[in-house]
Amino acid sequence: MLDFFPKYFTSKAMLLYVIALILVSLIFFKYSLPFMFIFFGFLEVFGFFFFSNRLTKKWQNLTSKIFVKRLIISSFIIRVIWVIVSYYLYIEWTGQPFEWVTGDAYDYHQLGIWYSALLKEGNTSVFFDHFKGVYSDTGYPTYLGLLYFVFGNSIIVARLFKALFGALTVYLVYKIARRNFDESTARMAGVFAMLMPNLIFYTGLHLKEVEMLFLSTWFIERADALIREHKFSFNTLWLPVLLGLLLFFFRTVLGVTAVFAVFSALFLSSERSVKLS
């Protein structure tokens, strides 16, 4: 069993990326990417594979406590840097701290401002009446409204919280992998999650994916612990149940999938993993 991600795989992956990019650009030359996107693509791919090899090797002999500390802090710092950089890059590129042709992100921001104002007026029922009884998409704007109510209508503060949730998601990935596999596999999974470009990229957007992924991963981690430790009581049940319910307010199908996944795991897992008695 490997204790780190070998350089052999990372070098081959980077080479394959360069070849694929060149071929696609030549075949579809008319639609080739602007240099700016090619640059960021290189940065993401090379950064992921280079540091996946370097960090899994460098951190393999750390104690679990020190590894977890470095994993969370490094994940948070990486995401904070991107939050700040992307904030000002978007202002430079689009004139506002939002991506090009922004749709849902700007709408969520405006709904958050509205809900914050209603909270100050003590008239929140108007907000939920706006959704006409369909609450599957109220979770994120409600969360934004609460943040704006406490910290003002600050976009950067909301995204710094995304950096925090993103770092905690990385830690949860490590916990899930450690419980189901072994320490070395868990460490590689944690480093991969820390460096995954998409997980970093979304912290710089005002969409709900970061929070939704955090809740989903936390739900999976708690449900997995519940199934494997087979300790069914109020103290072990209330958190996964709450997290499962919260998912319904972010996306209904996600909540349904989460519940179905738990029951499927209970039904399909071996008796050695699950004891319902």
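How far apart are the mean positions of the positive and negative charges of the chain? The separation is 10 Å, for 25 positive and 17 negative charges. Lys and Arg are counted as positive and Asp and Glu as negative, while His and the chain ends are left out. Each charge is placed at NZ of Lys, CZ of Arg, CG of Asp or CD of Glu.

The model is predicted, so local features need pLDDT of at least 70 and side-chain atom pairs count only at pLDDT 80 or more, whereas totals for chains, interfaces and linings use all residues. Residues are numbered from 1 along each chain as its sequence is written, and side-chain values use heavy atoms, with hydrogens and water left out.

**Overall architecture**

The chain holds 12 helices and zero strands; helices (H or I, at least four residues) and strands (E, at least two) are DSSP runs numbered from the N terminus. Along the principal axes, the C-alpha atoms occupy a box of roughly 60 × 60 × 35 Å. Among contacts with a separation of 6 or more, 74% link residues 24 or more positions apart, a contact being heavy atoms within 4.5 Å. The accessible surface is about 16000 Å², and 70% of this belongs to carbon and sulfur atoms; the areas come from the Shrake-Rupley method with a 1.4 Å probe, and for residues only the protein chains shown count as cover. Of the 277 residues, 39% are buried. Buried means under 20% relative accessible area, exposed over 50%, and partly exposed in between (1.4 Å probe, protein chains only).

**Selected residues**

| Residue | Relative accessible area | Class |
|---|---|---|
| Y148 | 1% | buried |
| H109 | 7% | buried |
| A177 | 8% | buried |
| T185 | 22% | partly exposed |
| F9 | 43% | partly exposed |
| Y8 | 52% | exposed |

**Surroundings of Y148 and H109**

Y148 belongs to helix α6 (residues 139-151), and H109 to helix α4 (residues 104-121). The side chain of Y148 forms a polar contact of 2.7 Å with the side chain of H109 and another, of 2.8 Å, with that of H206. A polar contact is a pair of N or O atoms within 3.5 Å; within protein, one must be able to donate a hydrogen and the other to accept it, and residues adjacent in sequence count only if both atoms are side-chain atoms. Beyond four places in sequence, H109 touches F98, L144, Y148, N153, I155 and H206. For Y148, the corresponding partners include G112, I113, S154 and A158. Its C-alpha atom lies 5.9 Å from that of S116, 32 residues away in sequence.

**Helices α7 and α8**

A177 is located in helix α7 (residues 155-180), and T185 in helix α8 (residues 183-195). Outside four places in sequence, A177 is in contact with D182, A186 and A189. D182 also takes part in a 2.8 Å polar contact between its side chain and that of T185.

**Aromatic residues**

The whole structure contains 30 aromatic pairs. One of them joins Y8 and F9 edge-to-face, at 5.4 Å centre to centre and 80° between the planes. Rings of Phe, Tyr and Trp (its six-membered ring) pair if their centres lie within 6.5 Å; planes under 30 degrees apart count as stacked, over 60 as edge-to-face and the rest as tilted. One aromatic cluster includes F35, W82, Y90, W100 and F201.
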